[in-house]
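Work through the exercises below with the model open. Try each task before reading its solution.

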Amino acid sequence: MLRRLEELLLALLLGGMATLAFANVLTRYLLHYPLAFSEELLVNAFVWATLLGIAIGLREGQEGAHIRFVALTEALPAGWRRGFIALGFAVFALLFLLLAYLAWGQARDDLVLRATSPSLGLPNAVYTLPTPFLALWVAFRALEGAWRSLKG
């Protein structure tokens with residue numbers, strides 16, 4: 001169920017982004033009036049889509065789903081190979097835990113300062129709050145990959 005939820009969220013997000021970008025092109029060329037707010041929405045949605053895509057890639061397994069030094073790991077004995085792959089996943093998880101921490105600080109600041117977006121005047125927290133949770137989800141998927149590597 002959760003596997004499909006990630007993919008469904010990403011599909012809906014990308015579909016909405018494509019629709020909004022297409023509408024922007026149409027209004028710009030047919031009505032000579034661009035939808036200025038669309039950039040604000042698209043840039044933030046792109047960040048979320050990237051994080052969801054990373055999580056899906058990590059979920060799919062260690063073989064080719066993320067960048068690693070194949071030449072190094074393939075030269076190692078099987079036990080060492082699994083350990084180095086797991087270490088790569090663990091470092092990846094640490095990176096995204098750091099991102100989650102920093103993104104939470106940004107979201108907290110946006111909430112405290114009541115900052116608003118320039119185009120739509122929405123609270124910036126609307127854009128920044130999902131980021132730490134998505135980064136935590138990526139870290140979780142990376143830790144799953146480390147576990148699979150050690151098990152397997």
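**Exercise 1. A loop residue**

Is Arg114 buried or exposed? Then place Arg114 in the chain and describe its backbone.

Solution. The model is a predicted one.
- Step 1: Start with accessibility. Arg114 has a relative accessible area of 71%. The cut-off for exposed is over 50%, so Arg114 is exposed.
- Step 2: Find its place. Arg114 sits in the loop between H4 and helix H5 (125–128).
- Step 3: Check phi. Arg114 is not a glycine, yet its phi is positive, about 55°.
- Step 4: Most residues other than glycine have a negative phi.

**Exercise 2. Another positive phi**

Which loop holds His32? Give its phi and its exposure class.

Solution. 
- Step 1: His32 belongs to the loop between H1 and H2.
- Step 2: Its phi is about 55°, a positive value in a residue that is not a glycine.
- Step 3: The relative accessibility of His32 is 66%, so His32 counts as exposed.

**Exercise 3. A serine in H2**

What does the side chain of Ser38 reach? State also where Ser38 lies and how accessible it is.

Solution. 
- Step 1: Ser38 is part of helix H2.
- Step 2: Its relative accessible area is 2%. Buried means under 20%, so Ser38 is buried.
- Step 3: Follow the side chain. Ser38 reaches the backbone oxygen of Leu35 at 2.7 Å.

**Exercise 4. Salt bridges around Glu7**

How many salt bridges does the structure hold? Trace those of Glu7 with Arg4 and Arg59.

Solution. 
- Step 1: The count for the structure is six salt bridges.
- Step 2: Take Arg4. Its side chain meets that of Glu7 in a salt bridge at 2.4 Å, N to O. Both residues lie in helix H1 (residues 2–30). They are three residues apart, about one turn of the helix.
- Step 3: Take Arg59. Its side chain also forms a salt bridge with Glu7, at 2.6 Å, N to O. Arg59 lies in helix H2 (residues 37–59) and Glu7 in helix H1, so this pair ties together parts 52 residues apart in sequence.
- Step 4: Arg4 is exposed at 55%. Glu7 is partly exposed at 27%. Arg59 is buried at 6%.
- Step 5: Widen the view. A network of salt bridges links Arg4, Glu6, Glu7, Arg59, Arg141 and Glu144.

**Exercise 5. A salt bridge between Arg108 and Asp109**

How far apart are the closest N and O atoms of Arg108 and Asp109? Classify the exposure of both residues.

Solution. 
- Step 1: The closest N and O atoms are 3.9 Å apart. The cut-off is within 4 Å, so the pair forms a salt bridge.
- Step 2: Arg108 has a relative accessible area of 43% and is partly exposed.
- Step 3: Asp109 is partly exposed as well, with 37%.

**Exercise 6. Packing of H4 and H6**

At what angle do the axes of H4 and H6 cross? Derive their relative direction, then describe the contact.

Solution. 
- Step 1: H4 covers residues 78–113 and H6 residues 130–151. Their axes come within 8 Å and cross at roughly 170°.
- Step 2: Angles over 145 degrees count as roughly antiparallel. H4 and H6 are therefore roughly antiparallel to each other.
- Step 3: The crossing of H4 past H6 is left-handed.
- Step 4: Sort the contact residues of H4 with H6 by class: 22 are nonpolar, four polar and two charged.

How values were computed:
Residues numbered from 1 in each chain as written. Predicted model: local features only at pLDDT ≥ 70, side-chain atom pairs only at ≥ 80, totals over all residues. Heavy atoms only, no water. Axes fitted to C-alpha atoms, helices over the stretch in contact; angles between N-to-C directions. Helix = DSSP H or I, 4+ residues; strand = E, 2+ residues; numbered from the N terminus. Parallel < 35°, antiparallel > 145°, perpendicular 65-115°, else oblique. Left-handed = near helix turned anticlockwise from the far one by under 90°. Nonpolar A, V, L, I, M, F, W, Y, C, P; charged D, E, K, R; others polar. Buried < 20%, exposed > 50% of the residue type's maximum accessible area, 1.4 Å probe, protein only. Polar contact = N/O pair within 3.5 Å; in protein donor to acceptor, adjacent residues only side chain to side chain.
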